[in-house]
Amino acid sequence: MELGHEISESTHKKIFTLITHLIHNPIQGIINIHPGYTSMLFTLDKMANIDDTIQAVENSLDMVQNSEPPEAKLVEVPVLYGGNYGKDIQRVVQFSRLSEDEIIQRHQSGNYLVYFLGFSPGFPYIGGMDQNLKTPRLQTPRKRVPQGSVAIAGGQTGIYPFPSPGGWNLIGRTPLKIFNISNPKNSLIQMGDKVQFKSISEDEYERLKESNGA
């Protein structure tokens, strides 16, 4: 289901409102819902009637078109930028023609919104980044990206919730665990949240890492 043609908070609002409604008012035959920036993908049970399911989804969309999504939660994410924790920050320097300090400052100053979770469980796709930091993905993805890595791909930023392959540009790392694999509903970052990145020292990183058990 396409709900827009460009990434925007208004399109996100439609998607978030509809997915919230469908979670609380499930439609028979839908076994999974995959939100994106401008669309939603529905996975159906093989016995579901497609026409009836489409009609039920459209009816739900009509019901929530004037509704407001849940209130956004602000999550502060401490980040140790650069060095061994952000090995691609110099690549961002090359593409942006900004200094490393300017990149850190601009990355902290974004107006961030978690548009959806995807790619891997708990991976937040975060929009609202300063577009001067836009940097293409790596041509050859890494086989293993460390847990907590904060990264840039194109005009978006994100956080790797656990070690995994990935081709985004690593600019830093957070000591926080952002995904609760045993209870995803209690994860630190959820769809619709606002995010504030905050630069920290290596000492702070180690202290927070120890206290968070990361």
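Buried residues account for 47% of the 214 residues in the protein chain. The model is a predicted one, so keep that in mind at each stop.

**Whole chain**

**Aromatic pairs**

Select the rings next. The structure holds ten aromatic pairs. One of them joins Tyr37 and Tyr125, with 6.2 Å from centre to centre and 90 degrees between the planes, an edge-to-face arrangement. Tyr37 sits in the loop between strand E1 (30-35) and strand E2 (40-44), while Tyr125 belongs to strand E5 (residues 124-127); the pair therefore ties together parts that are 88 residues apart in sequence. Tyr37 has a relative accessibility of 16% and counts as buried, because the cut-off is under 20%. Tyr125, with a relative accessible area of 13%, is buried too.

Now widen the selection to Tyr37, Tyr115, Phe116, Phe123, Tyr125, Tyr160 and Trp168. Ring pairs link these residues into a cluster.

**Helix H4**

Go to helix H4 (residues 100-108), where Ile103, Ile104, His107 and Gln108 are buried. Turn the view until you look down the axis of H4: the buried residues fall within an arc of 130 degrees, so they line one face of the helix.

**Arg97**

Step back to Arg97, in the loop between helix H3 (89-96) and H4. Arg97 is not a glycine, yet its phi is positive, about 60 degrees. Is Arg97 buried or exposed? At 77% relative accessibility, Arg97 counts as exposed, because the cut-off for that class is over 50%.

**Largest pocket**

Finish at the largest pocket, which holds about 960 Å³ of space. To centre the view, select Ile19, Ile23, Leu117, Gln190 and Met191, the closest to the pocket centre of the 32 residues that line it. Helix H1 (9-24) and E1 are among the elements to colour here, as each supplies at least two residues of the lining. Then colour the lining by class: 18 residues are nonpolar, ten are polar and four are charged.

How values were computed:
Residues are numbered from 1 along each chain as its sequence is written. This is a predicted model: local features need pLDDT of at least 70, side-chain atom pairs count only at pLDDT 80 or more; totals for chains, interfaces and linings use all residues. Side-chain values use heavy atoms; hydrogens and water are left out. Rings of Phe, Tyr and Trp (its six-membered ring) pair if their centres lie within 6.5 Å; planes under 30 degrees apart count as stacked, over 60 as edge-to-face and the rest as tilted. Helices (H or I, at least four residues) and strands (E, at least two) are DSSP runs, numbered from the N terminus. Buried means under 20% relative accessible area, exposed over 50%, partly exposed in between (1.4 Å probe, protein chains only). The arc is that of the directions from the helix axis to the C-beta atoms. On a 1 Å grid over the protein atoms alone, a cavity is a set of points where a 1.4 Å probe fits but cannot get out, and a pocket is an open set with protein on both sides within 12 Å along at least five of seven lines; lining residues have an atom within 4 Å of a point. Grid points are joined across faces, edges and corners, and a volume is the space filled by probe spheres set on the points. Ala, Val, Leu, Ile, Met, Phe, Trp, Tyr, Cys and Pro count as nonpolar, Asp, Glu, Lys and Arg as charged, and the others, Gly among them, as polar.
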